[in-house]
Amino acid sequence: MPRRTDITSILLIGSGPIVIGQACEFDYSGTQACKALKEEGYRVILLNSNPATIMTDPELADRTYLEPVTVEVVEQVIERERPDALLPTMGGQTALNIAVGLAQRGTLSKFGVELIGASADAIHKAEAREAFKHAMERIGLKTPESGSARTREEAARVVERIGFPAIVRPSFTLGGTGGNIAYNREEFERHVEWGLAMSPVGEILVERSVIGWKEFELEVMRDLKDNVVIVCPIENVDPMGVHTGDSITVAPAMTLTDKEYQAMRDAAVRIIREIGVDTGGSNIQFAVHPETGDLVVIEMNPRVSRSSALASKATGFPIAKIAAKLAVGYTLDELSNDITRVTKAAFEPTIDYVVVKMPRFAFEKFPGADPTLTTQMKSVGEAMAVGRTFKEALQKAIRSLEVDRFGLGSLHGLDGGIPPGANRDELAARVRSALQTPHPDRVWHVADAMRLGVSVAELAALTKIDPWFLDQIHELVEFESRLGAAASSLGAPVAFPEQRVPGHLSLDPDLLWEAKRLGFSDERLAQLTGIETGELRRRRAADSLQGAMRGVTYKRVDTCAAEFEAHTPYLYSTYEGQCESRPTDRRKVMILGGGPNRIGQGIEFDYCCVHAAFALREEGIETIMVNCNPETVSTDYDTSDRLYFEPLTEEDVLNIVDREHPIGVVVQFGGQTPLKLALPLARAGVKILGTSPDAIDRAEDRERFRALLVQLGLRQPASGMARSVEEAARVATQIGYPVMVRPSYVLGGRAMQIVFHEPGLVDYMASAVKASPHHPVLIDKYLEDAIEIDVDAISDGRQVVVAGIMEHIEEAGVHSGDSACSLPPYTLEEGMVGEIRRQTVALAMELGVVGLMNAQFAVRGGHLYVLEVNPRGSRTVPFVSKAIGVPLAKLAMKVMMGKTLEALGFTEAPTLRHVAVKEAVFPFAKFAGVDVLLGPEMKSTGEVMGIDDDFGWAFAKSQAAAGVPLPCAGRVVLSVKDHDKPAALEVARRLRRLGFLLEATRGTAAYLQRNGVEVEPVNKVTEGRPHIVDHIKNGEISLVVNTVGSESSQADSASIRREALQKGLPYCTTMPGARAAVMGMEAALRKGLTIRSLQEYHHS
Amino acid sequence: MKKAILVLADGTVFEGRALGFEGETVGEVVFNTAMTGYQEILTDPSYKGQIITMTCPHIGNYGVTHEDVESRRIWAEGFVVKESSRRPSSWRSEQALHDYLRESRVVGIEGLDTRALTRHLRDAGSQQGLISHVDLDPRRGVEKARTAPGIVGRDLVSEVTCSQPYEWTDGSGVWAPEADGGSSEPSRAGRRFRVVAYDFGIKQNILRRLVDTGCAVTVVPASTPADSVKTMQPDGVVLSNGPGDPEGVPYAIEAVRNLIGWRPIFGICLGHQLLGLAMGLGTYKLKFGHHAANHPVIDLRTRTVGITSQNHNFAVRTPDATAPDSTGQAMVKTPFGRLAISHLSLNDESIEGMVCLDQPVLSVQYHPEASPGPHDSAYLFHQFARMMETNHA
């Protein structure tokens, strides 16, 4: 059946901000869907609040709404745009829940909007735990024994029946949010309460645990003719009990016989038919008992997902694109396979390599968070690696994570054997106990256990990881000891590197080649053999000059295991005879991506890389993308001309450079990852495009940067540097407390802290030295109550255009990535804005920036201080681009290729008649017991944008988009530190004027009452009951304003903020934040919500 | 680690490690892209005369079990894999693959660039090759490969068929396709039909699926004349899969010709090709065959697509470019009446299925019994049953 002609316009809902469990994969799928639908000639209307997405680029849709993804907003969009259909399966759980909401409210039928992709009924059947269970029973499939509950009592009755351990799964949540494993009654009660609170419909499923069963996922596609194909079976190395997003996963499935796999495939086909997803993709999870083969269905997502993005990248089958086309009436046999060109989309990919995905965690950012892995997802990103064997892919995945590990290096100093004096049994006991519960380091502990002689069988019993995977790891561990033995027999005792003698240089080249085939990085080989990485590289080069064929080769991902020719250069490295890279002799540029998402480096940087690729394509230059993050648009095979799915390490990147010989490499868009490679690449003779590595160093190096500011006559907070505790204390006393301390060369404010006194500083030094051993600690004067400014500018070396000046809402000291900000500034005077512009231009000119530059300033007492300058694409580039309607990253790429800003027609930023507010989104809800206070260490995972005619509404929208809409009425509780009381008075007065009732803790209440504000006092938690938290728990409060100073008061009030978070209440932890909230509520009470598309904003 | 070589008749040489039985073997080198089911593949008699390359890089992961055989032994002449798992892991496993190969005296090779080999076979076509653990001289190897007998025109069927007729009574048991049974075709108790199955190299899963469908099955040797079958008075006849070139077994073509129209016939793979030849169509050798578990086949009558398991080197072709009729099916006139092309490969548009409109005959080029592979075509066994039912009435 060809495309439907009875519909002409389609509304697509995005997934909103990046949160744990919902990341860039939905930009990847949404972007594919937009492109596919536009290609078919439909009018596409898009709603997404996340400005850092490619899908919200105004060219991708006919109408783009950067507005909160809420039922109310979607209703307005529908009313304005009158789409014929709504495609809800591309925007994760968020879009699906909205679709259900709209269907329930009758909006869809009222405006005659058809749900395509999945019907409301199908969504309900798949997502409502009880309905799903019944559906499975109907088709004769087993699910773990369970019962649903809407109250604690009901839950208790269910667990009585099924016993412990039990799993609590809230309905309609994403990333397993609110899900948990309970081993006893006490844990159970806690998890039930949490689960009920987290489910948007207040329903949980209590389920018999199948912990330790093998876990599989199938990606299934179905079309209107009822054709069904399985795109890929994925097996989890970490068995049931660990969320699949936190598991190491492998494609294809490794340990199923054909009989078992076909039974699972049959089940998947029946499920998609029974649930009634009639067009598009679904993800179905199964558990298999390792000793009986018993098969149970765990869950189904009737939409594209993180796993479908992974399956797409793992096979080359573009699930979202095909799903979008199926949704408008095509059948699988009518769509072609882009990679082979000669075959159809109606087939099942088969692969001749192994894909390993590993999660990346950020527990170091959340002190107090429990790093045990459980049914609720906790990782913030992932890396995927492709190799010809599991062993090779696993080792590539490890180094793709960028966690300073280049292989299975020992966590217990066992790389050179058991150290003299160490007790093997004691060590083994320690490792065994570490393996009792799953946590992020599990695979390294497994390797260490093997080094200590623990058997595969015992490890399988301990971890429930399938022996097949364990044995593969064992092969690597055995090879390492073989290699170590060979090296030390040649005179290089690995455990004592200082005693190495040159004899080891004669290490057998065949052995080294075997190591490369097993996926060992040069870094790891250097650790194991004592041969320097550069030397390993030189030897391989010499070897291949002699025709030994021991160099790196590249193979293609082709969906079909080479049965048909692949026309898309989607490549991965391995060490085998034949290379399929076939580089062209065109002018080409290599773009280095950002690697796995982490806090501080996420979708914003991928956005910039994708724009760089688009810009180069427009200039007729071939693009080569290098990245290892399967969630991204940059790793879509049609984003660039050639895609290398590879780790972003010096070794892997240089290998590609050697093969492709690009005219230059772009490092300024992918964040810190490629930036770190700039100097090593330049040293290896690679041309870095745009701003020179020297200029980057001049901005990053403290001393050189200070000299630069002195030369330009710009002001900077007093600062110093220290390499020891004593030095730090001396410097801090000189500068005067409070001071901001941090290690050099960090991203996302890693280990950055404000310290108020010397004991705090001494404490900090202990952890900071751990954070970055080779770099000194930097100490800056902390400017209290300063306003922080972020600036993005673009320069062609001759002219600098200041594209956006953003005023932070939270004061300086809160990490810029965590702070809300307003473009244009909402309190700064025109003179100061001019001064910011002048200084930015001076900095960019002096540094010789070619491309993008981000500068951060602080304004205090009429003075402007330069905080830092980053001559690269920043996190705010997409936000500014969307706010001003200019694709900055694209322009920057063209500038780097030699175009002038004048030639590009961008010599001045447009004057805005609207205000855009960016707000950060935090993962606190995922980490029980973590405080929500903001500080210099970045903690947010994503961002949203609110855009409107005035600041108040733009701010209010940003809050709604972030999931905590401001209240219109009710009761506000205030509890602020002394320093903030005058500011709180103003806020309180304005709240009263808006009709809010106020209550405040004793000190705050007294101050307000003294100043004539009507307020009821309430007990602090330490002052007896009922107290402030009781009020929050009882639902009497609609907004919390809580600022704290000392650490003891932070601890006292943590439960207030935690409770507000749990209740989903808006809370302000800074006074500027509270003031902005008041402005938002004032605006909202003045006039109702109105929305406008980006196209209207930028063309009016 | 003992070295081994694989050489092709065109002089291409791959080095690897010895796998399985120590020795030397020749055969036509083909590749199979299935990701599961290596044991079913090894024991499929259709691979007689061939050395199989698995494109999936890890083979042997789940070991072997006596339950997953498709015949009484391994028929493949040799086995080529990227990496054979040293330690199998499965609750079903009884033995490691390398031990199984050694016991079965099958010579294999691992550790070579199987993707490069596959690409070469794809571009140059499948050809004779040799695996040796004992003579690593490639020049001698190429010579042996060149002089080894090919599969064109050769009767490989006589080497794999049974010597005596026998009854088959096992069904699929717990491994019966889920899409089958209950939902579309309620399974009726008892044996409703008597079926004679020609063993041209029959896969046991064809027999199990026939039993699942309610058939009492008698398996007969390939050389059984049509008259002998007729005296057995079955309700239908199944023509099985088998190795090699259909033109190499003229006696089978003859028997088939005498059975068309007498009772319903269901042809599978080689059986389908024999039907084609018996009705006057031709066959030809494919460049590198179809050996996979992911091939899409469109049923032209319903325009629906099934993912199929395939294993053939030859295919049926219609006399000249036969234009499809309004229903999308190409119609061919044969001495037995009208023949409709019912199924086509979506990959290369080769013929995947035929139905006689004037006789109770149905055949497919692929494997509706799967094993290994998807169960999407299980419905064909029911179509055959309906055909037998209608024929009775």
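Two strands pair if DSSP finds at least two bridges between them. Strands (E, at least two residues) and helices (H or I, at least four) are DSSP runs, numbered from the N terminus.

I noted first that this is a predicted model, where local features need pLDDT of at least 70, side-chain atom pairs count only at pLDDT 80 or more, and totals for chains, interfaces and linings use all residues. Residues are numbered from 1 along each chain as its sequence is written, while chains are lettered from A and ligands numbered from 1 in the order in which they are written.

**Entry 1: strand β13(A)**

I looked up the hairpin. β13(A) and β14(A) form it, with 6 residues between them. In the turn, A:Gly293 has a positive phi of about 75°. The two strands pair in the antiparallel sense over 6 bridges. I found A:Leu295 of β14(A) as the bridge partner of A:Val288.

Next I checked strand β10 (residues 214-222) of chain A. It pairs with β13(A), also antiparallel, over 9 bridges. Here A:Phe216 has A:Phe286 in β13(A) as its bridge partner.

Is β13(A) enclosed or open? I found 8 of its 9 residues (280-288) buried, so the strand is largely enclosed by the rest of the structure. Buried means 20 or more other C-beta atoms within 10 Å of a residue's own, with C-beta atoms placed from the backbone.

**Entry 2: two helices**

I then turned to helix α20 (residues 603-618) and helix α29 (residues 888-896) of chain A. They pack at an angle of about 55°, with their axes 8 Å apart. Axes are lines fitted to C-alpha atoms over the stretch in contact, and angles run from 0 to 180 degrees between N-to-C directions.

How values were computed
A residue is buried if 20 or more other C-beta atoms lie within 10 Å of its own, exposed if 12 or fewer, and partly exposed in between; C-beta atoms are placed from the backbone.
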